[in-house]
Amino acid sequence: MTTPPSHAEPISQTVASPLPNAWQWARRHLFPSPGHTVLSLITLAFLLWFVPTALDWLIFSATFIGESQADCTGGGACWLPISQRIEMFVYGFYPDTQEWRVNVAFALAAGLFPLLYAKRLDRRWILAYLAALPFVMWWLLKGGAGLPEVSSTKFAGILVTVFLGVVGMVFALPLGILLALGRRSSKPIIKMLCVLYIELIRSVPVITLLFMASLMVQLFLPPGVFIDILLRVLAVLILFTAAYMAETIRGGLQGIPKGQYEAAKALGFSYWKTMGMIILPQVLRNTIPPLLTQFIGLFKETTLVMIVGVLDIVGIAMSTTAAPEWLGLEHEVYLFLAMFFFVICFALSRYARHLEKQLERSRS
Amino acid sequence: MSALPQQDTAPDCVVRIEHLDKWYGDFHALKDVSQTVAAGERIVICGPSGSGKSTLIRCINQLERHQRGTVEVLGEILDDNVKRLERIRRSVGMCFQHFNLFPHLTVLKNCTLPQTANLGVPQEEAIERALALLDKVQMREHANKYPGQLSGGQQQRIAIARALCMQPRIMLFDEPTSALDPEMISEVLDVMVDLARDGMTMLCVTHEMGFARKVADRVIFMDHGEIVEQAPPERFFHAPSSPRTQQFLNQILDHGVTRA
């Protein structure tokens, strides 16, 4: 400190210069003990080596523009299989002239985010939007009722992933809530059916269910009736996630004191009003973190549909790495996949954090 | 409004309980209890814990289902008819030991939601009524807070206002001051005394004997699921006829539970 001693004390307490502070912070948090210091130094060394190397490979020496693998001469990553086939990754085999429909469907799905962040909006509008979204998306993608029909065999890539993810989430939570309520119902038949359903679904691997959806469902339908394979795997994802969500929500229901039910009853609330206005709002806010984990799980599980022949983004990635002109570029393609899922799942996670914070603020 | 107890089942009898029996498993909680309450009557029910006093008033709005006997409230016999039960509950307010405010709603919303959801009162009118009643319990300035931000006494006063928002004809109090710190008890009792002076029909399970002396038309003493004694407060406190009542009064008076 070079300031005169008479002023130094009060100043250093309130607006100390940043440098000594940073040093103090580092000493306290990075080098408090010999063991800690070694750990900090190793981490620092690793970062100093890794970050430049990674950035160099990913960006500075990478090739973004070109026609074929022969153009990748920089020594870094070769992003050409993605940039050259980006249309395939996003739209799959969707007819070029109709791609605007996919764009509109994506925009509607993306529109959920600002809507969910909006504070001043009536909740009923959000619910109406949520309820309509799956049907509007399906109509846009599949066609009919004014739009030329597109066979769902042409659906592939991000289009499939986003459709399965968004529609799955919209349906899984309400179904999970109903199952949880059913499991606690005082009516034995409803209770038994819900318990049976939840236990059955939870005890079978999701892949098995997907195979059943793709191979067995058709056997039980009358001849001539055909359910789109995309809808069948979607149903599996919803039914599967809902069973897990039901258990999470049941846990939340058990955490609500009996007094809340009694107060609601005493004020003349009916069963459904008690649940919808008093109990579930409290349960859902308490179960945001585990429910979010399940949403993220659902989104990532959409990749399993590839196994039954639905080409989602992973399917397109695999067909890309198998194409002769892009052989040997698995690293880049799978890294791109990882980044795609990370961005979406991280955004979901941030939204949940935002919700939690907002609710904490309203409660404290 | 008449403050005197009605001797028979007059037309303004609002609660009629006949030969009520209630079991929890093997435990016989209420044994052949009969009782009538007239409109405007203020009744205090006391007795040792486990004596069935809470169970009795919880049978009046059927938070506890009874196994035998009849409960008739506002001229309707309570049975398995859920719609009728919900209708009756809207006319019978209740306050609980642990307040049971809805923690996810503001104080104001706690008071308006039951009106809009169950009585179909328009939003503006519900707010007006809620604010007037919050004013009455001196909680108006806290209308936009959440229950978790308030003290027990404040929460209980809001719970009373919330129940009154439904414009009930009967109010049930289930040990409303038992969970409160001593310094908060009087603020809740003051509100209850005001309510009694306004002529509300009240059934209070409480150990606040000062409150009983001040407002009760009748004090009921219960023990082991039975009504042992009932009398106007002067007679009840000064000349109880049953030795069990005598013993109970001695116990609570000795330990200074009562307040003037």
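Author: Gladly; here is a short talk about the contact between two chains.

Author: This is a predicted model, where local features need pLDDT of at least 70, side-chain atom pairs count only at pLDDT 80 or more, and totals for chains, interfaces and linings use all residues. Residues are numbered from 1 along each chain as its sequence is written, chains are lettered from A and ligands numbered from 1 in the order in which they are written, and side-chain values use heavy atoms, with hydrogens and water left out.

Reader: Why is the meeting of Glu262(A) and Arg58(B) called a salt bridge?

Author: The rule asks for a side-chain nitrogen of Lys or Arg within 4 Å of a carboxyl oxygen of Asp or Glu. The N to O distance here is 2.4 Å, so the pair qualifies. Across the interface of chain B and chain A, the rule finds one salt bridge.

Reader: How do you know how many residues are in contact between chain B and chain A?

Author: Contact means heavy atoms within 4.5 Å; by that test, 23 residues of chain B touch 22 residues of chain A.

Reader: What makes up the area that chain B and chain A bury?

Author: Buried area is the accessible area (1.4 Å probe) that two parts lose on being put together, summed over both. The two chains bury about 1900 Å², with 58% of it on carbon and sulfur atoms. In chain B, Arg89(B), Phe102(B) and His104(B) lose the most area to chain A, together 28% of what that side buries.
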